[in-house]
Structures are given as structure tokens and as C-alpha cells.
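Okay, thanks for making time, everyone. I'd like to walk you through one structure today, so let me put it on the screen.

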Amino acid sequence: MSRKVADCRRTPSVMNCTLTITGEEEEVVRAAAEHAVSVHGHEDTPELRTTVRAELEDEKVPA
């Protein structure tokens, strides 16, 4: 199974957040949702987690 990446730099924000979260998909979705709530003031909803999941990318491992 490939690791996933959530990168705050890909989502415009007032605070110009630079956090990147990498891990297995469910770990990343959970951590990114918690970050979105605690840092960016979002509400933890199924829609938020769906959006986070849709924005995940596969981790690029250097060759």
C-alpha cells in the first residue's frame, strides 16, 4: 500500500500554512482533519474528511 500526503500549501489560507502530513491514508485523513479543526477553524464533518481524502496524493519516493 502506498503512503499518502496531505500538504497544506496546496490549499490557500490566510496563514500560509506549510504543514505536510505523510502516512497511511486513514492516518493522514484523521491527522489532517484534526489539523484543519485546531489550526484553521474548520468543523470536523464527513464533508471535511471527504475533501481531505480527495486532495491526498501518493508519496513520491526519491529513486
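**Salt bridges first, then the whole chain**

Let's start at Asp44, which is partly exposed at a relative accessible area of 38%. For the cut-offs, buried is under 20% relative accessible area, exposed is over 50%, and partly exposed is in between, with a 1.4 Å probe and protein chains only. Before going on, a caveat: this is a predicted model, where local features need pLDDT of at least 70, side-chain atom pairs count only at pLDDT 80 or more, and totals for chains, interfaces and linings use all residues. Residues are numbered from 1 along each chain as its sequence is written, and side-chain values use heavy atoms, leaving out hydrogens and water.

So what does Asp44 pair with? Its side chain meets that of Arg49 in a salt bridge, 2.9 Å from N to O. By salt bridge I mean a side-chain nitrogen of Lys or Arg within 4 Å of a carboxyl oxygen of Asp or Glu. Arg49 is partly exposed too, at 28% relative accessibility.

How many of these are there? Searching the whole structure turns up 8 salt bridges. One of them joins Glu59 to Arg3, with the closest N and O atoms 2.9 Å apart. Glu59 sits in the segment after β3 (57-58) and Arg3 in the segment before β1, so this pair ties together parts 56 residues apart in sequence. Strands here are DSSP E runs of at least two residues, helices are H or I runs of at least four, and both are numbered from the N terminus. Glu59 has 29% relative accessibility and counts as partly exposed, and so does Arg3 at 39%.

Then there's Asp58 with Lys4, where the closest N and O atoms are 2.5 Å apart. Asp58 is in strand β3 and Lys4 in strand β1, so again the pair ties parts together, here 54 residues apart in sequence. Is Lys4 buried or exposed? Lys4 is buried, at a relative accessible area of 18%, whereas Asp58 counts as partly exposed at 42%. And Arg10, Glu57 and Lys60 are linked in a salt-bridge network.

Okay, zooming out. The protein chain has 2 helices and 3 strands, and along the sequence they run β-β-α-α-β. The C-alpha trace spans about 35 × 25 × 15 Å along its principal axes. For 63 residues, a compact globule would have a radius of gyration near 11 Å, and the chain's 11 Å agrees with that; we take it over C-alpha atoms, and the globule rule is 2.2 Å times the number of residues to the power 0.38.

Of those 63 residues, 27% count as buried. Now contacts, meaning heavy atoms within 4.5 Å: among those between residues at least 6 apart in sequence, 42% join residues at least 24 apart. On charges, the mean positions of the 8 positive and 13 negative ones are 4 Å apart. Lys and Arg count as positive, Asp and Glu as negative, with His and the chain ends not counted.

One last residue to look at. Most residues other than glycine have a negative phi. Asn16 has a positive phi of about 50 degrees, although it is not a glycine. Where is Asn16? Asn16 is in the loop between β1 (4-7) and β2 (20-23), and it is exposed, with a relative accessible area of 61%.

That's my tour, happy to take questions.

Note on methods:
Charge placed at Lys NZ, Arg CZ, Asp CG, Glu CD.
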